[in-house]
Amino acid sequence: AYVVSRERFGSKLGLAQIGRLLERLGNPQDKLKCIHVAGTNGKGSTTAMIAGALTAAGYQTGMYVSPSVEMFAERIQVNMQPADEASLANAIFSVKAAADAMEAAGEGIPTEFEIVTAAAFLIYQQAGCDFAVLETGLGGRYDATNIIQKPLAAVIMSVSYDHMAVLGGTLSKIAAEKCGIIKDGCPVVTYAEQAPEALETIRAACAAAGSQLIVPDLSDFAVLSVDLNGTRFTYRGNEYWTKMPGVHFAKNALSAIETLHLLAKAGYAIDDAAIAAGIAGKPMAARMEKIYDAPCVLLDGAHNPDGVEKLCQTMDSLLKDRRIITVMGMFRDKDYAKCIPEIARRSHVFIATTPPSQRALPARETAALASGKAPLVCIAQRPQMALISALRFAGPDDVVLCCGSLSFLGRCKETMQYLMQDNAKYNII
């Protein structure tokens, strides 16, 4: 409740305030070895693969991601498990005391993201983490996570158009903000298919910082198979498998593999088996996540044009012969006008819903953009009812795709779990 109460203070980019907060807490971030991951798309899955491999190698590993899908503690994980309630509560109360003291001294009012970031650093320090793998929240340069000193590696995933009002209207400007996580001499790994404009900016930033830049070599990469259970591929002579279906997830994995190779060369005990285990390990929630088989129910958090393009590519290759019933909810501060029609064109039934957020795009506006693109367009205001309606439309061989902003996918997953427990009672699936 305390963390949620801080949301009213909004998002304020900058490091001065998080710096004052952490100083009152003894600067726990300075005691951690960090790997820092930024990017528009792909940073969550890449963060999870790196953290999973470090955990498989026997290291105590913290992982910081956002937003959560099912539960708040997903954002702060130790060894790929959400922080336990006692550790989380103790850390939040410690941060609250420091934040209250700051406010009393007139030093500013920490935001929700700053509170959670500070709590994460405390939890990782207290858990004795060997590594902390940190996903940026927004941008990079002024993101609260960038308060860390020089990381062991900086990773910049796919840069595309999102948050332009804050980060800038060109790929070069957006990439420059992501490059803010690069510290002098810090090795950098980037996405294999970075847009040329973004890659040029990343190269320039690395040259200015005296940092080695590693771009995965696609000539050493081959996809062996892709289905709804995952993606199998080879890279540099080794075979890997990820539970996330889609070629783009395999390409995300290449950045994770190169980052782990960097750490191994630096002397950390990370072998090929640990890397393969990390790639094959616990995936990020709502990344082409299958939660039911008949009908096939998929969750995917694509919410910007690049993410939707990759989702559509996966739909075209894996679901082209399947009847698709889509449930979609978007935020109004996204480029929804480009996203919604593309998904609707691939849907036999399109159900528009309103995510549970003040930033939500109303279902009627989502439906209006889908109208004429899908044969049947419906509105269900609440995500729970939207999913139930989709299941009633679906036969056992059909696909129910829940996509859009991550905030409502947790509600869909929760509803599905409830229905699975009481299916005999409700006779919906």
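## Getting started at Asn 27

Let's begin in a loop: Asn 27 lies between H2 and strand E1 (34–38). Helices here are DSSP runs of H or I with at least four residues, strands are runs of E with at least two, and both are numbered from the N terminus. The phi of Asn 27 is near 50 degrees, a positive value in a residue other than glycine. Most residues other than glycine have a negative phi, and most peptide bonds are trans.

Asn 27 counts as partly exposed because its relative accessibility is 23%. Buried means under 20% relative accessible area, exposed means over 50%, and partly exposed is in between (1.4 Å probe, protein chains only).

A word on the model: it is predicted, local features need pLDDT of at least 70, side-chain atom pairs count only at pLDDT 80 or more, and totals for chains, interfaces and linings use all residues. Residues are numbered from 1 along each chain as its sequence is written, and side-chain values use heavy atoms, with hydrogens and water left out.

## Other backbone features to find

Arg 236 also has a positive phi, about 50 degrees, although it is not a glycine. Look for Arg 236 in the loop between strand E10 (230–235) and strand E11 (238–242). With 40% relative accessibility, Arg 236 counts as partly exposed.

Now for two cis peptide bonds. One joins Ser 66 and Pro 67, with omega about -5 degrees, and Pro 67 sits in the loop between strand E2 (61–64) and strand E3 (76–78). Another runs from Ala 294 to Pro 295, with omega near 5 degrees. Pro 295 belongs to the loop between strand E12 (289–292) and strand E13 (296–300).

## Inside the cores

A nonpolar core is a set of buried Ala, Val, Leu, Ile, Met, Phe, Trp, Tyr and Cys residues joined through side-chain atoms within 4.5 Å. The largest one has 64 residues, and those touching the most other members are Ile 35, Ile 50, Leu 54, Phe 233, Ile 279, Ile 343 and Phe 350. Helix H9 (residues 247–265) gives the most to this core, with 8 residues. A second, separate core has 36 residues, including Leu 22 and Val 116.

Thr 259 has its place in helix H9 and counts as buried, with 0% relative accessibility. Leaving out residues up to four places away in sequence, Thr 259 touches Ile 35, Ile 50, Ala 153, Val 155 and Val 189; contact means heavy atoms within 4.5 Å.

## A helix surrounded

Helix H5 (residues 112–126) has 15 residues and reaches 21 Å from its first C-alpha to its last, close to the 21 Å expected at 1.5 Å a residue. That expected span is 1.5 Å times one less than the number of residues. Because 13 of its 15 residues are buried, H5 is largely enclosed by the rest of the structure. Just after H5, Gly 128 takes a positive phi of about 70 degrees.

## Out on the surface

Which residues form a nonpolar patch on the surface? They are Leu 13, Tyr 142 and Val 166, with about 270 Å² of accessible area together. Patch members have over 30% relative accessible area and no salt bridge; like charges are joined within 9 Å, and nonpolar side chains (Val, Leu, Ile, Met, Phe, Trp, Tyr) within 5 Å. A salt bridge is a side-chain nitrogen of Lys or Arg within 4 Å of a carboxyl oxygen of Asp or Glu. Accessible areas come from the Shrake-Rupley method with a 1.4 Å probe, and for residues only the protein chains shown count as cover.

Val 166 lies in helix H6 (residues 164–167) and is partly exposed at 47% relative accessibility.
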